[in-house]
Amino acid sequence: YTILSKVHSDRNVYPSAGVLFVHVLEREYFKGEFPPYPKPGEISNDPITFNTNLMGYPDRPGWLRYIQRTPYSDGVLYGSPTVENVGKPTVIEITAYNRRTFETARHNLIINIMSAEDFPLPYQAEFFIRNMNVEEMLASEVLGDFLGAVKNVWQPERLNAINITSALDRGGRVPLPINDMKEGVYVMVGADVPFSSCLREVENPQNQLRCSQEMEPVITCDKKFRTQFHIDWCKISLVDNTKQVSTFQEVIRGEGILPDGGEYKPPSDTLKSRDYYSDFLITLAVPSAIALVLFLILAYIMCCRREGVEKRNMQTPDIQLVHHSAIQKSTKELRDMSKNREIAWPLSTLPVFHPVTGEIVPPLHADSYDNTSMPLMQTQQ
């Protein structure tokens, strides 16, 4: 396959710092750049994926995210620009890959971040919407409906979407593919007026108790969102920047030169010889001597301190020795008698009559036969 690359004209966008920036990478814009070029009216549905990175770097800026669910859906760049990047053009290289023909098309997106008026907005609220994915929430009509509902509840003069974050980026789990479950999305909005009484209801002690018991709190304005957005009111976050004390300390930068510590003196190249004899004695000789002493003590106890039979007999009473000798003598006599004892003849060895002549048939062995080894059953003739 031949991989082709075409560079298109640059695009310039002008987002504001602290305000949500969304840029859609439309597949239709790139379809006509991959040969064979479609004629007017033809429909091409090749799988196309995008790769985005900051020019000269392998990844995007920290504030910029990218998402594309499938090769047959549009890609979306979104994020909230920071004040540090105001006035500095950010060039994003966008490369489109045609997964059927293995061809590429590329163009640059120049992001010129502008400073916003009255930034940042002092009152910020973050909502967690359970029935939305991030790419669904980034759609202009859906985001507009949500901001309209918030504005109806909050009644501010200025209302901006500050940032949108997927629940997966906050440590959430991928939902099961059942019942069309969504991953959830966090939406932060800012306004120039204090929070309304409806939003303050989440700080009510009764609602806080219900949230601790994993129960839904009672919010009067929830019905204004429920028709389209299922908000988890236990995860709402209200931030009032007017009451926060600034802990920023000015950093005094030096000249970048280390203080003079004198002339560097490296160690000498020649090393003095060292005697390791004392180390050898301490490491090997001393433990060996202690082991030898312990071995001699154990050998003396085991070999030289044995009492013996004579000392045992001297310390044993005479009557006990007599009884012991009598028991040994009786045991020996019983063993000798058991070798010559008479036992009853087995029934199978007694005289029997011949079945034909009626004569008596004697046993198969003589009387002098060693009956101690005689088997209980004998073969009859």
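What is the handedness of the disulfide between Cys211 and Cys234? The torsion about its S-S bond is about -90°, so this disulfide is left-handed. The model is a predicted one. The points below cover its 2 disulfides, the accessibility of several cysteines, and an open sheet of 3 strands.

**Disulfide Cys198–Cys221**
- The sulfur atoms of Cys198 and Cys221 lie 1.4 Å apart, and the two residues form a disulfide.
- About the S-S bond of Cys198 and Cys221 the torsion is about -70°, so this disulfide is left-handed.
- Distant parts of the chain are linked by this pair, whose members are 23 residues apart.
- Cys198 sits in helix α4 (residues 197-200), while Cys221 belongs to the loop between α5 (205-212) and α6 (223-226).
- Cys198 has a relative accessibility of 8% and therefore counts as buried, the cut-off for buried being under 20%.
- Cys221 also counts as buried, because its relative accessibility is 5%.

**Disulfide Cys211–Cys234**
- Cys211 and Cys234 form a disulfide in which the sulfur atoms are 2.1 Å apart.

- With the bonded cysteines of the protein chain numbered in sequence order, the pairing reads 1-3, 2-4.
- Cys303 counts as exposed because its relative accessibility is 57%, and exposed requires over 50%.

**The open sheet**
- The sheet is open, has 3 strands in the order β2-β5-β4, and its pairing is antiparallel.
- Its edge strands are β2 (21-25) and β4 (64-67), each of which pairs on one side only.
- From one strand to the next, the twist averages 20°.
- Strands of a sheet pair through backbone hydrogen bonds, in either a parallel or an antiparallel way.
- Strand β4 is joined to β5 (residues 75-79) by 4 bridges, and these two strands run antiparallel.
- Tyr66 is positioned opposite Leu77, a residue of β5.

Key. Residues are numbered from 1 along each chain as its sequence is written. This is a predicted model: local features need pLDDT of at least 70, side-chain atom pairs count only at pLDDT 80 or more; totals for chains, interfaces and linings use all residues. Side-chain values use heavy atoms; hydrogens and water are left out. Two strands pair if DSSP finds at least two bridges between them. Axes are lines fitted to C-alpha atoms, for helices over the stretch in contact, and angles run from 0 to 180 degrees between N-to-C directions. A disulfide is a pair of cysteine sulfur atoms within 2.5 Å. Buried means under 20% relative accessible area, exposed over 50%, partly exposed in between (1.4 Å probe, protein chains only).
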